[in-house]
2 protein chains.
Amino acid sequence: MKSIFLKDVLLNGTHTNIRITGNRFSSISTTIAPEQDDEVIEASQFAIVPPFYNAHTHAPMSLLRGYADDMPLFPWLNDHIWPFEAKMTSDDIYIGTRLAILEMIKSGTVFYNDMYWMMDAVWKATDEMGVRACLGVTVMDNLGEEKLRKSFDLIEEYQEKSPLISMSVAPHAPYTVSDKLWVRSAEYAKQHNTILHFHLSETEKEVADCVAEHGLTPVRWLDSLGVLSSNCVAAHVVHVDEEEIQILKERGVAIAHNPVSNMKLSSGYFKSLQMQESANKVMIGTDGCSSNNNLDMQEETKFAAMIAKCNYGPETLPVDVLKQWSLTNGPKVFGIDAGEIAVGKLADALLLDMNNERFVPNFNMSSNWFYASNCEAINTMICDGKILMRNRKVKNEEEIIETAKRCSMKWMK
Amino acid sequence: MKSIFLKDVLLNGTHTNIRITGNRFSSISTTIAPEQDDEVIEASQFAIVPPFYNAHTHAPMSLLRGYADDMPLFPWLNDHIWPFEAKMTSDDIYIGTRLAILEMIKSGTVFYNDMYWMMDAVWKATDEMGVRACLGVTVMDNLGEEKLRKSFDLIEEYQEKSPLISMSVAPHAPYTVSDKLWVRSAEYAKQHNTILHFHLSETEKEVADCVAEHGLTPVRWLDSLGVLSSNCVAAHVVHVDEEEIQILKERGVAIAHNPVSNMKLSSGYFKSLQMQESANKVMIGTDGCSSNNNLDMQEETKFAAMIAKCNYGPETLPVDVLKQWSLTNGPKVFGIDAGEIAVGKLADALLLDMNNERFVPNFNMSSNWFYASNCEAINTMICDGKILMRNRKVKNEEEIIETAKRCSMKWMK
């Protein structure tokens with residue numbers, strides 16, 4: 001198998017050579033030289049960094065980009081988003097997911113944690129595009145038993161189909177899932193060793209409704225059901241108190257923070273400082289394209305930093321914590337042997353162009369990457385030892401865009 | 001003189017042809033054809049939109065990008081920013097300004113309102129790079145009378161030197177400028193018909209100190225001195241009450257809102273909803289590169305929208321208001337006959353690539369531009385009838401970047 005040889009690349013501030021054999025970094029040294037069949041990339045103007053993990057999104061919703069904006073939550077959902085989604089076919093889901101992954105590759109995201117419908121179509125698009133993912137099959141009571149059973153069957157069917165893609169159970173949210181279905185989902189996830197991915201405490205209304213119905217806040221209610229454990233990824237987690245943050249920490253629940261979505265929908269302020277101090281397993285996610293309206297993790301990371309500093313002071317979320325939240329906690333939570341550029345690790349990487357004006361001057365590369373730059377500086381993306389983008393070109397991108405444009409026509413007014 | 005002919009370009013949702021003769025749009029019609037010497041741009045995949053106005057920045061501070069981050073305000077200023085600036089020569093200012101303008105052109109900004117030192121060097125860089133600007137010569141009491149007089153002389157010397165560049169008086173802030181110097185600056189600005197550009201009510205401390213010293217808040221104090229009028233551009237304006245917003249409106253003061261800087265330095269929340277409802281003349285600015293860390297107005301506009309929605313509800317700052325704040329209020333405030341793509345107007349424009357994945361689908365182009373996209377979608381930038389960027393290439397960009405890199409070496413630890 002052909003190896004990739006990155007010549008004279010900048011790694012943590014010094015130039016070196018990196019060899020990728022198969023799907024792993026096989027050697028990193030100034031003294032190695034390319035072998036005869038190696039694909040050599042002249043990389044002296046590039047810095048190599050780990051790619052982003054998008055901890056919570058709904059990829060197929062890229063087809064809803066810009067469909068409804070600047071609206072209060074319930075008219076937005078009831079009159080626009082849900083009627084749109086009701087018309088989506090399996091083909092649309094496939095097309096929307098390809099568009100989403102194209103955008104993710106171009107903005108440096110190597111892995112996404114999804115929650116949506118018709119996940120076989122999402123799986124197909126993901127497998128073809130070559131990124132990593134954990135695909136959450138949504139379950140909620142109003143599906144009815146037959147569809148629920150099919151949902152669980154789908155997880156089993158696809159769980160082992162690709163080393164890059166795992167499946168998860170995704171009980172939608174405390175207000176759409178009964179105690180019975182929470183317990184069933186959690187048991188399923190434990191038995192089948194999958195992630196349990198859900199929305200949690202996103203809005204004040206959700207918390208108030210949960211207290212009214214169950215006499216407990218969402219975190220406490222789920223904890224009382226025995227649902228919370230270290231295989232859980234909870235998205236949003238905006239309206240929680242100190243004790244709930246501790247409960248989440250003790251149970252090992254990972255948290256997906258979605259700053260742009262929380263801001264755009266006016267959901268509330270994520271407790272960034274408390275989460276940083278308690279060292280909860282926080283990751284960053286973009287949410288879907290209808291509440292963002294993109295899947296750009298570099299931008300999302302800057303938003304996470306800025307809203308945290310705004311609310312809790314300029315020292316909150318320094319770049320080292322941002323790295324954990326957007327680059328290194330993800331691989332740990334999802335059990336992927338990646339997240340750093342080191343011999344033996346899975347070969348996932350971005351090559352950032354140090355001649356891009358946003359990296360000049362270069363007093364602090366991480367600060368430039370998170371605060372000053374944008375995805376245009378990403379020249380190359382490598383996932384699992386394969387080059388998915390080179391010189392900002394992704395395979396088939398014109399066709400993916402053309403197909404998505406045509407597909408969206410049916411929703412044009 | 002050679003004209004530019006934009007063939008089949010998308011303008012407000014329909015395709016047409018646009019001719020630019022000299023520095024103005026000379027005709028817009030589906031029926032015109034290119035003349036023999038016209039420079040023809042095949043533009044069927046591009047939408048034409050007005051470029052951004054950056055209402056408040058310190059361009060030379062691009063050289064301080066990433067020099068100090070994640071710090072409280074006063075150690076940041078005292079121990080890092082000010083000692084850095086003390087070492088800056090006129091050459092550094094020139095080099096930093098070129099780097100800043102390169103970044104501005106690449107991110108679609110055609111005009112910037114600056115405040116800094118050694119503005120002759122800033123003028124030279126701006127004139128060479130070909131963008132519009134209003135260059136504020138900073139005045140504050142600790143300069144002493146001789147330097148103050150030289151500052152005012154500099155304004156007169158450069159005021160008429162270029163049709164693209166005006167000069168302004170920039171009394172730094174209420175805490176660095178005495179009542180006498182405020183009055184002198186305001187009178188000078190009126191006599192010489194210039195903008196008066198200053199920081200105002202940026203932090204709580206500034207307001208408290210002003211009340212302690214003068215018995216009035218900064219807005220009321222400046223108003224009592226007769227400083228506030230329709231030639232004023234006040235930057236930040238975070239800590240103001242309803243009555244102060246009304247005073248600013250009645251006096252016709254334009255306001256430069258700097259969302260990222262206010263968030264990064266934890267200065268406070270801009271009163272977006274009240275400003276929108278009172279229809280004050282608000283514009284958006286990036287502030288300098290040490291509190292941002294870029295000059296990207298598209299990103300800044302998204303930040304302005306998101307922090308407004310976060311604090312005041314999802315309907316706050318819809319795209320139509322964002323257009324006013326970042327595209328059309330600027331030309332009005334600075335007296336530039338531009339800000340729309342229309343016959344007779346100055347020919348300033350961006351060509352946005354509709355095949356960029358962030359514009360797919362295209363239910364709402366403005367929403368895609370402000371919320372989903374980024375500057376990579378800008379293919380071409382035209383200022384005053386001249387093409388400053390084509391296919392994302394700016395004249396001399398390699399040299400500008402190389403020079404700035406070399407220049408920054410002296411601050412590397």
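In strand S3 of chain B, B:Ser27 is the bridge partner of B:Arg19. That pair belongs to an antiparallel pairing: strand S2 (residues 14-21) and strand S3 (residues 24-29) of chain B are joined by five bridges. Two residues lie between the strands of this hairpin, and there B:Gly22 takes a positive phi near 60°. The model is predicted. Chain A and chain B are related by a turn of 180°, and 48 residues of chain B are in contact with 48 residues of chain A.

**How the two chains are related**

- Two copies of a chain are related by a rotation about an axis and a shift along it.
- Which residue of chain B comes closest to the rotation axis? B:Glu376 does, with its C-alpha at 3.1 Å.

**Where the chains meet**

- The contact takes 48 residues of chain B and 48 residues of chain A.
- On the side of chain B that touches chain A, the elements giving two or more residues are helix H2 (90-106), helix H9 (259-264), helix H11 (297-312), helix H13 (365-372) and helix H14 (397-408) of chain B.
- H11(B) gives the most to that side, with five residues.
- By class, the side of chain B that touches chain A has 25 nonpolar, 11 polar and 12 charged residues.
- The copies meet through the same surface, because 100% of the interface residues of chain B are also interface residues in chain A.

**Chain A overall**

- Chain A has 14 helices and 17 strands.
- Its C-alpha atoms fill a box of roughly 65 × 45 × 45 Å along the principal axes.
- How does the radius of gyration of chain A agree with that of a compact globule, and what are the values? A compact globule of 413 residues would have a radius of gyration near 22 Å; chain A has 21 Å, which agrees.

**Two domains in chain A**

- Chain A is divided into domain 1, made of 4-50 + 337-392, and domain 2, which is 52-333.
- The centres of the two domains of chain A, taken over C-alpha atoms, are separated by 29 Å.
- Their contact takes 21 residues from domain 1 and 22 residues from domain 2 of chain A.
- On the domain 1 side, the elements giving two or more residues are helix H13 (365-372), strand S15 (378-383) and strand S16 (386-390) of chain A.
- H13(A) gives the most to this side, with four residues.
- The residues on the side of domain 1 that touches domain 2 divide into 11 nonpolar, five polar and five charged.

**The eight-stranded sheet of chain A**

- Eight strands of chain A form an open sheet with parallel pairing, in the order S6-S7-S8-S9-S10-S11-S12-S13.
- Strand S6 (52-57) and strand S13 (282-284) of chain A are the edge strands, and each pairs on one side only.
- From one strand to the next, the twist averages 25°.
- Helix H4 (residues 145-158) of chain A lies across strand S8 (132-139) and strand S9 (165-171) of chain A. H4(A) runs at about 165° to S8(A).
- Helix H5 (residues 179-192) of chain A also packs on the sheet, touching S8, S9 and strand S10 (195-200) of chain A. The direction of H5(A) makes about 160° with that of S9(A).

- Most residues other than glycine have a negative phi, and most peptide bonds are trans.
- The peptide bond from A:Asn292 to A:Asn293 is cis, with omega near 10°.
- A:Asn293 is found in the loop between S13 and helix H11 (297-312) of chain A.
- In chain B, a cis peptide bond joins B:Asn292 and B:Asn293, with omega about 15°.
- B:Asn293 lies in the loop between strand S13 (282-284) and H11 of chain B.
- A:Ala279 is not a glycine, yet has a positive phi of about 55°.
- The loop that holds A:Ala279 runs between helix H10 (272-278) and S13 of chain A.

Definitions and conventions:
Residues numbered from 1 in each chain as written. Chains lettered and ligands numbered in written order. Predicted model: local features only at pLDDT ≥ 70, side-chain atom pairs only at ≥ 80, totals over all residues. Least-squares fit on C-alpha atoms with pLDDT ≥ 70 in both. Contact = placed C-beta atoms within 7 Å. Domains from an automatic or database assignment. Nonpolar A, V, L, I, M, F, W, Y, C, P; charged D, E, K, R; others polar. Pairing = 2+ DSSP bridges. Axes fitted to C-alpha atoms, helices over the stretch in contact; angles between N-to-C directions. Rg over C-alpha atoms; globule rule 2.2 N^0.38 Å.
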